[in-house]
Amino acid sequence: MSAVWRAARAAVRRRRVQTVVIALVVLCSSTTVLLALALVGAASAPFDQAFAAQRGAHALVVFDASKAPPDRIARTSRAGGVEAAAGPFGQAGVEVPEPWMYMSAGTLTVVGRPGPGGPVDRVQVLVGRWARAPGEIVVAWDVPGTPDRSLLGSRLDAPGVPPLRVVGFATSMSKSASAWVTPGQLAALHPRSAQMLYRFTDADSERAVHGAVAAATRGLPAGAVTASRSYLTLRQAFSATADAYLPFVSLFGVLGLLVSVLIVGNVVSGAVVSGHRHIGVLKALGFTPNQVVAVYLLMVSIPAVLGCVLGSLLGGALAGPFVRIAFSGIDTGVATIGVGPWPAVACLLGMPLLVAVAALVPALRAHRLPAARAITAGSAPGTGRGLRVQRFLSGTPLPRAVSLGLGQPFARPGRSLLTLAAIALGVTTVTVTTGLTGTMTAFADLGRGFGGPGVYVSADPSAHDHPAPRLGDLATEQRLRALGARRVVARAFSRVRLAGLPGEYFADFYRGDTAVFERGVVEGRWPTGLGEVAAGPAFLTQRGLSVGGRTTLEVGGRRMPVTVVGRVIEGNAKSVSSDWRTLQALLPGARAIEYKVQLAPGADAAAYVAAVRAVDPGLRPEATSTGNTATATVVGFSAVFSVLLATVAALGVFNTVLLGTRERRRDLGMLKSIGMTPRQVVLMTVTSVTGPGVVGGLLGIPLGMAAHRLLVDHVGIVDFPGWMKDVWHAPQLAGMLLAGVGIAVLGALVPARSAARLTIARVLHNE
């Protein structure tokens, strides 16, 4: 074994360029794969672990207390398929008339519960303690971060209910309530509903959960069940943003693995072909065929392990910030978001193994090669298909250097196919990145408006220590228009209840030039009438709704059935948008909290901001930013890995051309001896990869376009319309084709110049 190790180390030192190429390829691939694995783990494991630790409810079911008495509701816990249950707990809606602590005005879902423990949904108190006496309330902490202890003792004064003092903040992975009080206290809050929390023996799918709920509630009076929610909805909401990034990362990870396999196979194949004499010497010295194979496997495993270690370190450094971006702004409850050790372990074990498997097939050629044949192989002129093609091309009017270069790929068709595949994958990556950039830029432009500078005007007195606006809503809107606004849209905001479900939901209500929103509607139309709403794909998917579906909004004790008339490009999973008339029906007299102003193209936003401040000190205007975090993240990530994979593909071409020039040193010497100039040598060598570059571009462009469409169709939280997906134009496609040629030429240029500098005497002396 020591002899095999010494031979492998000597091969690594002798083939420094190939060693560096393999190390860089594996480094890039390991980094990409580790990021993908880290995102996969963060998107599922933290929720599942925290949900299991809290014995989270597979289903939360809300009952109408007037139609089903508590004893009949409690009997549902003994139905078949129910593993455990908690409740019934009384549930009431408390109207908060104005912003309170970190929450906006709206309905607070309060549940009467004797303690945080139990067989299902073990609520965890984060700060303070559980409510033990009348007048005490524990509030759900549903925002990222740690509760502020200074908020303990805050007083809730709501109409029609006794004052309540906050004694604790808690969190529930089941999102079973917005706040909790003692069961005795709940009676003073006038409960009209009751909730049950179930765990089922089979809860692996939405179908199984809905079937179990139906079986448990069978026999209750009609209309007794007012709402239900599966834990799978919460699980999907937990990882929605991370799941949106996952297709991008996974695609680049797969491309990186494919390029790694192709280039490693190419390197080992070239090493075997160009090292016939070395193989023969090893066998003549007593190396067995298996030991020769082991030498080549170790030769590629050494740089592969080095590249994998460096790639794992780089990926580990990037994984933490990347996962934090993917979960930014998400309420994660008690789930700890982080990157465990298993992605790094998987890379450290899997990548070297993949490299060894990729190298095994070409290395077996050395196993079968007889020693006598290997030693006598020398550098005799090649024959076969490549020579016949070159003879055919010599009869064409092409310059001789060009015809010789075009014929070279046919001399080693296997190696040429591997190189072509690497170029095609490089072009695929560049094409995907170009498409994503076009789509995400169009998405960002949609949020910025239609050509003119934007100004955001805040009119919410609770947001800052500022006086309220002196003018009313309509007067403020008219004044903003009179100052030179091209379009003005007023927005009001309210926390709402949705179909009796606990938890916090939101509604935005718009008035003014809302026609600008039509461009962001993927299906249906923007709401323009009473009782109409629009929502993003995340909200509709998690609620099981579509355009034409109906639900019920409840604000301030008023309920209104609403119809979904539009599916918009994106939106919060807990938010809907509606028309101002719906707001007036639910909350008469509600005011706008902000105005979105678009100025004419070329207008001075700073001057407009100063004019608004002079008109009303209660208005706080500021020019809107043109940045977009999601766009910057996706485009930046795609661009970085596009450069990495294109560089890797160019390194594959570099290796192919380098091996080819070393094999053809005798031919190059003969060509120079009959008058070929160094420039012609460079032209011939570069031309030898131009053909694979063109073919790789022609193959990579449709693959990249298909991958781009697959990605943007499966983002999940964004539903891109057709005009954002059709980003390809003739100049771009021509550029993609040139990218294939550029990758090939870039990889071939250095070894071509090296070949051009070879002297005739040096080449023939080696012979």
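These are my notebook entries on a predicted model of one protein chain.

**Entry 1: overall make-up**

I started with the whole chain. I counted 24 helices and 20 strands in the protein chain. The chain has 767 residues, and 52% of them count as buried. I then looked up the contacts between residues at least 6 apart in sequence. Of these, 83% join residues at least 24 apart. The accessible surface of the protein chain came out at about 32300 Å². Carbon and sulfur atoms hold 61% of that surface.

Next I went through the backbone angles. Which two residues does a cis peptide bond join? They are G87 and P88, and omega there is about 5°. I placed P88 in strand β2, which covers residues 82-96.

R55 has one, at about 50°. I found R55 in the loop between α2 (16-53) and β1 (59-64). Its relative accessibility is 23%, so R55 counts as partly exposed.

H190 also has a positive phi, near 60°, and is not a glycine. This residue lies in the loop between α4 (183-186) and β9 (193-200). Is H190 buried or exposed? It is exposed, because its relative accessible area is 54% and the cut-off for exposed is over 50%.

**Entry 2: a nonpolar patch**

Six names came up together: V305, L306, V309, L310, L313 and L348 make a nonpolar patch of about 510 Å².

**Entry 3: salt bridges**

Side chains of opposite charge can pair when their charged atoms come close. How many salt bridges does the structure hold? I got 16. I looked into some of them.

I took D157 and R155 to begin with. Their side chains meet in a salt bridge at 2.8 Å, N to O. D157 is partly exposed at 45% relative accessibility. R155 is exposed, with a relative accessible area of 53%.

D508 and R491 were next. Their side chains form a salt bridge at 2.4 Å, N to O. Why does this pair tie together parts that are 17 residues apart in sequence? Because D508 lies in strand β13 (residues 501-512) and R491 in strand β12 (residues 485-498). I then checked accessibility. D508 is at 11% relative accessibility and counts as buried. R491 is at 15% and counts as buried. The cut-off is under 20%, so both values fall in the buried class.

I moved on to R559 and E554. Their side chains meet in a salt bridge at 3.0 Å, N to O. The partners sit in opposite classes. R559 counts as exposed at 54% relative accessibility, whereas E554 is buried with a relative accessible area of 4%.

**Entry 4: cysteines**

Last, I searched for disulfides. A disulfide is a covalent bond between the sulfur atoms of two cysteines. How many disulfides does a search of the whole structure find? It finds zero.

I looked at C308 in detail. The nearest cysteine sulfur to C308 is that of C347, and it is 6.0 Å away. The cut-off for a disulfide is within 2.5 Å, so C308 is in no disulfide. C308 is buried, with a relative accessible area of 1%. I ran the check from the other side too. C347 has the sulfur of C308 as its nearest cysteine sulfur, at 6.0 Å, and is in no disulfide. C347 is buried, with a relative accessible area of 1%.

Methods. Residues numbered from 1 in each chain as written. Predicted model: local features only at pLDDT ≥ 70, side-chain atom pairs only at ≥ 80, totals over all residues. Heavy atoms only, no water. Helix = DSSP H or I, 4+ residues; strand = E, 2+ residues; numbered from the N terminus. Buried < 20%, exposed > 50% of the residue type's maximum accessible area, 1.4 Å probe, protein only. Patch = residues over 30% accessible without salt bridge, like charges linked within 9 Å, V, L, I, M, F, W, Y side chains within 5 Å. Areas by Shrake-Rupley, 256 points an atom, 1.4 Å probe, with all protein chains shown as cover. Salt bridge = Lys/Arg side-chain N within 4 Å of Asp/Glu carboxyl O. Contact = heavy atoms within 4.5 Å.
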